[in-house]
Amino acid sequence: MNKNDGEKVAASETQNEGVSRRSFLKTGSVTALAAAIGTQVPFGSLLPDGMDLVGLAHAEETMAIEGKIPEMIVLNTKPLNAEPPPHFLDDDITPFETMFVRNNGITPVNPDVANWTLTIDGESVKKPLILSLAELKKRFKPYTYQLQIECGGNGRSEFNPPAKGNQWRVGAVSCAEWTGARLRDVLEAAGLKDDAVYIGYYGTDTHVSGDPEKVVISRGVPIAKALEDESLIAWAMNGAEIPLLHGYPLRLVTGGWPASTSGKWLKRIVVRNQVHDGPKMTGMSYRVPAYPVAPGAKVPEKDMKIIESMPVKSLVTFPKSGTVHPLAQPLEIRGHAWAGDLAVRNMDVSIDFGATWQPCTLKPPKNRLAWQNWSATVSFPQAGYYEIWARATDEKGAMQPMVVPGWNPRGYLNNACHRIAVKVI
Ligand SMILES: Nc1nc2c(c(=O)[nH]1)N[C@H]1C(S)=C(S)[C@@H](COP(=O)(O)O)O[C@H]1N2
Ligand SMILES: [Mo]
């Protein structure tokens, strides 16, 4: 889909403090910013060449989505794609109200829960299984995990040249608490043949074309990921029924991997003797080049590899970007950090455009594949415009880059440091 395709909604380019983010991106100049906001940029000389400032104001297209915060940034309405601004992701456990929505098709209407069945079949299943919701809940032990799921395209809007697809900022990530059966227990009940290598999911959402036969998306994970303790067939989110937008009544949740592997409105799981080849598993979808490519390069499909565990990343969820803060007081900042299948080892922040870094307090995750909370206190040497840059390091030493990493045709895996602006007075 083209960047400009899809129905655009209420474009309210509101401008705060007389300066929009876009105008900074154009000028990108420290002096222009200083003049526009009437303040100095104390560490301005340290801003790396070619890098734009974040700026103090943010103009976004918002739209009311029933039950969600009014500030949801809507990237597309058909299919619905929306994300919260990062300061709304401050909760330890992401509630429905602020959870991003990423639909590839049309949300099912009134799922027939009374007659809902989950089928486990495919060429590498010994004995195909059909379970009602009641049977699933009765037969299998429930487990609850807090699981971070991030859209593979989160951060896409920063790629240059632009990549096709929803122009996600930083908010296409969530970490809710999911309850359900272990996928492993259900797969074992059906029996896996020795040649099983992959699973694939099917849901009940319908294609935007209106063609009832057309499968919207059917992705999956290798058997090893499917058999992990935390891979769930979930029937509850945050202690209640899963909200319709997020997969009611049943959803696969595979934390740490592109959220596209966490199938919503789950009806069927196939066990495959080959890498699953459903819609959006093949071609360029959810794949990146197997080697670094120049921005804008054409990459042959055969050189694209499937994204598995997501890279290390973090968010500043407090304060809100654009905050005005008194010089006399230290500023408390906090957020979350995550690293796909791995844990986050360190979290650091910088107030001088990355010249120096200060370590943060980093908490352990609630369980494997949950995000980790971090906090820090920063003091400013004088009044002016600052940016807080936040950088996580995973347990293997991989660190978030300060600039947008490896351009790729579909704009996946941008894990550049999150940056917020603070005006100190
Ligand atoms: N059936 C179905 N499952 C799906 C999708 C979809 O379009 N249909 N989108 C996937 C993608 S790309 C993402 S990022 C996540 C988004 O989950 P959320 O909308 O609950 O935040 O769901 C995944 N599961
Ligand atoms: Mo996604």
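**A loop residue and what follows**

Tutor: Let's start with Asn 238, which sits in the loop between strand S10 (232-237) and strand S11; strands here are DSSP runs of E with at least two residues, helices are runs of H or I with at least four, and both are numbered from the N terminus. Before going on, some housekeeping: residues are numbered from 1 along each chain as its sequence is written, while chains are lettered from A and ligands numbered from 1 in the order in which they are written. This is a predicted model, so local features need pLDDT of at least 70 and side-chain atom pairs count only at pLDDT 80 or more, whereas totals for chains, interfaces and linings use all residues, and side-chain values use heavy atoms, with hydrogens and water left out.

Back to Asn 238: its phi is positive, about 50°, although Asn 238 is not a glycine. Asn 238 counts as partly exposed because its relative accessibility is 29%; buried means under 20% relative accessible area, exposed means over 50%, and partly exposed is in between, using a 1.4 Å probe and protein chains only.

Follow the chain onward and you reach Pro 249, in the loop between strand S11 (240-241) and strand S12 (251-253). The peptide bond joining Tyr 248 and Pro 249 is cis, with omega about 5°. There is a cis bond elsewhere too: Lys 78 to Pro 79, with omega near 0°. Pro 79 lies in the loop between S1 and strand S2 (80-83).

Positive phi also turns up in other places. Leu 413, another residue other than glycine, has phi near 60°. Leu 413 belongs to the loop between strand S23 (384-394) and strand S24 (418-424), and counts as partly exposed because its relative accessible area is 22%. Helix H4 itself (residues 183-190) is mostly covered, with 6 of its 8 residues buried: Leu 183, Arg 184, Val 186, Leu 187, Ala 189 and Ala 190.

Now for the ligand. Ligand 1 is surrounded by 18 residues, and the closest are Phe 100, Asn 104, Asp 205, His 246 and Lys 264; a residue is near a molecule if one of its heavy atoms lies within 4 Å of it. By class, that shell holds 8 nonpolar, 6 polar and 4 charged residues. For those classes, Ala, Val, Leu, Ile, Met, Phe, Trp, Tyr, Cys and Pro count as nonpolar, Asp, Glu, Lys and Arg as charged, and the others, Gly among them, as polar.

An oxygen atom of ligand 1 is 2.7 Å from a polar backbone atom of Asn 104, and an oxygen atom of ligand 1 is 2.9 Å from a polar backbone atom of Arg 102. A nitrogen atom of ligand 1 lies 2.9 Å from a backbone N or O atom of Ser 262. Taken on its own, ligand 1 has 540 Å² of accessible area, and the protein covers 100% of it; these areas come from the Shrake-Rupley method with a 1.4 Å probe, and for residues only the protein chains shown count as cover.

Thr 94 is in the loop between S2 and strand S3 (101-102) and counts as buried because its relative accessible area is 2%. The side chain of Thr 94 reaches the backbone nitrogen of Cys 175 at 2.8 Å.

Lys 267 and Tyr 201 are 66 residues apart in sequence, yet 7.7 Å apart in space, C-alpha to C-alpha. Lys 267 counts as partly exposed because its relative accessible area is 25%. Thr 317, in strand S16 (residues 313-318), counts as buried because its relative accessibility is 1%. Between Thr 317 and His 418 there are 101 residues of separation in sequence and 9.9 Å in space, C-alpha to C-alpha.

Notes
A polar contact is a pair of N or O atoms within 3.5 Å; within protein, one must be able to donate a hydrogen and the other to accept it, and residues adjacent in sequence count only if both atoms are side-chain atoms.
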